[in-house]
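Visitor: Could you walk me through this one?
Guide: Gladly; have a look first.

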Amino acid sequence: MKLTIPENIASITPYPPGKPIDELEREYGISGSIKLASNENPWGPSPEVVRVLGLELSNLNRYPDGSCYYLAKTIASKFEVDPAEIVLGNGSNEVIEFLVKAFVREGDEVITSHPSFLMYQKFVQVRGGVNYIVPLQDMKHDLETIHETISEKTRLIFLDNPNNPTGTIIEPLYLQNFLNRVPEDVIVVLDEAYVDFMDAGSRVDITTMIQNSEDRCPVVLLRTFSKAYGLSGLRVGFGLMAREVASCLHKVRQPFNINQLAQVGAKAALEDEEYFQHTLAKTRRGLRVLAKGVEELGCISYPSQTNFFLIDVRGNGDKLYQAMLHKGVIIRSMSSYGFPDFIRVTVGTEEENTRFLAALADCLTDLGYV
Ligand SMILES: Cc1ncc(COP(=O)(O)O)c(C=O)c1O
């Protein structure tokens, strides 16, 4: 085979896929392992979601509704926007891809922070765009340096708020002040994948964000059903934005990008407010228990407004990750994010949290970290 691989594609490091748990267990000779590595919801989707998905299975001979009419209508009423201001994606990942496809040409510039969600930069590389990467400052987005980095070629700025992997947020006034200074032709994407876990007082007002796009830089808000709603496997996310921006994204998407099960399941998830609130309460409780537990073990935990948090284990994070794996506890080492002494852990069920703390205690002692 003689392939001509474009330089921008050859230089991409693929997103590191986790192995299926069954495979890992076979490899390590363990069983009953738990995964606290991907910021998923450990309690699963609402029973009502499971029920409606079952009912929908016999309709899979039909193409889904390409406009996602009912799901978009439910989102519109919940978030007080117009359906024309919504673009749905196969996970919010796909909406990120649409934004880059629609607005970034070869040589155009996109600004992201480091570390933050890895996919922004990859989509830009695929388009032949240029990534400008601004390091976080004190674990937070450095909006001053980001502002200084804007040039005439800047098309998009991605800000995950809260940030993955640090769990930190952008103070609303700091953000507002920044947005007021961004040129009108630069789109600011606020990726709110974890917004549901945030303190209500720190969230931005969606309507104001979108409507203010009229006389300043457009703002796109990204949301996902993968985290608080427990639907990572269904793949549904959406963006809220001015209709002019949305109409560009609709031009670059496939006609049936949201499958039928995803449409029905996501709608049911949004409608089950009680289950959603239970999930949030349990997550917050779990986060408090875990943070206290790791501090008692001599590690440093970083405050987070998400369903995960960073832990400074005061020793090599990769080694700890391996040791935890042998005990059947899957976490994320943060060395590839530039934090060699850190791990990232997602809140699990009560039993999973207890098991994590016990395994951590053993591994820290075995490795002689604390
Ligand atoms: C900050 C952030 N944005 C977006 C995503 C993608 O989520 P989705 O499952 O909706 O594609 C993730 C997933 O982990 C994330 O952490």
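Predicted model: local features only at pLDDT ≥ 70, side-chain atom pairs only at ≥ 80, totals over all residues.

Visitor: How many helices and strands does the protein have?
Guide: There are 14 helices and 13 strands, with helices (H or I, at least four residues) and strands (E, at least two) taken as DSSP runs numbered from the N terminus.

Visitor: And β5, is that buried or exposed?
Guide: Strand β5 (residues 154-160) is mostly covered, with 7 of its 7 residues buried; buried means that 20 or more other C-beta atoms, placed from the backbone, lie within 10 Å of the residue's own.

Visitor: Which strand do the 5 bridges join to β5?
Guide: They link β5 to strand β6 (residues 187-191), and the two run parallel; strands pair if DSSP finds at least two bridges between them. In β6, Leu 190 stands opposite Leu 159.

Visitor: What about β3?
Guide: Strand β3 (residues 109-114) runs parallel to β5 and is joined to it by 3 bridges, and Ile 111 has Ile 157 of β5 as its bridge partner.

Visitor: Switching topic, which residues come nearest to the ligand?
Guide: Of the 13 residues around the ligand, these are Gly 91, Asn 93, Thr 224, Ser 226 and Gly 237, where a residue counts as near if its C-beta atom, placed from the backbone, lies within 6 Å.

Definitions and conventions. Residues numbered from 1 in each chain as written. Buried ≥ 20, exposed ≤ 12 C-beta atoms within 10 Å, placed from the backbone.
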